[in-house]
Amino acid sequence: MVIDERQVKLKNGIEVTFKCPQEGDCPELLDFMRTVHSETEFMPRTLSEIDGITSEQQGETLAAISESEQAVMIAAFLDEEIIGYCVVDAISEKSKFAHRAGLVISVKKRFWNIGLGTALLNAATEFAFSAGFGQVEADVVSKNALGISMFRHNGFITAGMLPRAQRLSDGTYNDYISFVKYYKK
């Protein structure tokens, strides 16, 4: 789905634009993904996996999201630079799971702690609930104190933990904490 573009003012006074990235944004989007995946081990992919994505493949992903009524990618632009994004999509199309939306969110490190993650999180949950989902779910690496705090502060509750969810290149593991937020009428 494509949402209307909107301006969002962050805690530090910076104004960013929330909009759905288009095919022409693919090079910037891939640069953003490379940056955030190199800044923290909390991301689900390795940098080499990001480097394997072509602009054409990313364009196909964006097109599929844009055409879906139950998915959205919202990017935060500061001028022409993507500084954060979130994706909401159905967990499954099976009827017993159709009420569940999954959420991923990432922000460039230099924009942490200024309210950008919270603003993206709010936009994502607003979309999910308006699209008819009954709950939004996200997994956060248990070492990611800022991410955990953000989800808890914004009404998400802990749903469980998955030990050894990620195996890192050095052979160590990261656990995931699963969060959920329910739609309230």
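Select R100 and E137 to begin: their side chains meet in a salt bridge, 2.4 Å from N to O (a salt bridge is a side-chain nitrogen of Lys or Arg within 4 Å of a carboxyl oxygen of Asp or Glu). The pair links distant parts of the chain, with R100 in strand β5 and E137 in strand β6, 37 residues apart. Helices (H or I, at least four residues) and strands (E, at least two) are DSSP runs, numbered from the N terminus. R100 counts as partly exposed at 22% relative accessibility, whereas E137 is buried at 15%; buried means under 20% relative accessible area, exposed over 50%, and partly exposed in between (1.4 Å probe, protein chains only).

This is a predicted model, in which local features need pLDDT of at least 70 and side-chain atom pairs count only at pLDDT 80 or more, while totals for chains, interfaces and linings use all residues. Residues are numbered from 1 along each chain as its sequence is written, and side-chain values use heavy atoms, with hydrogens and water left out.

Next, select E81 and K108, whose side chains form a salt bridge of 2.8 Å, N to O. E81 lies in strand β4 and K108 in the loop between β5 and α4, so the pair ties together parts 27 residues apart in sequence. K108 is buried, with a relative accessible area of 7%.

Then move to D51 and R34, where the closest N and O atoms of the salt bridge are 2.9 Å apart.

Finally, display the largest pocket, with a volume of about 1,200 Å³. A pocket is an open set of points on a 1 Å grid over the protein atoms alone, where a 1.4 Å probe fits, with protein on both sides within 12 Å along at least five of seven lines; lining residues have an atom within 4 Å of a point. Volume is the space filled by probe spheres set on the points, which are joined across faces, edges and corners. Of its 50 lining residues, M43, V104, I105, S106 and V107 lie nearest the centre.
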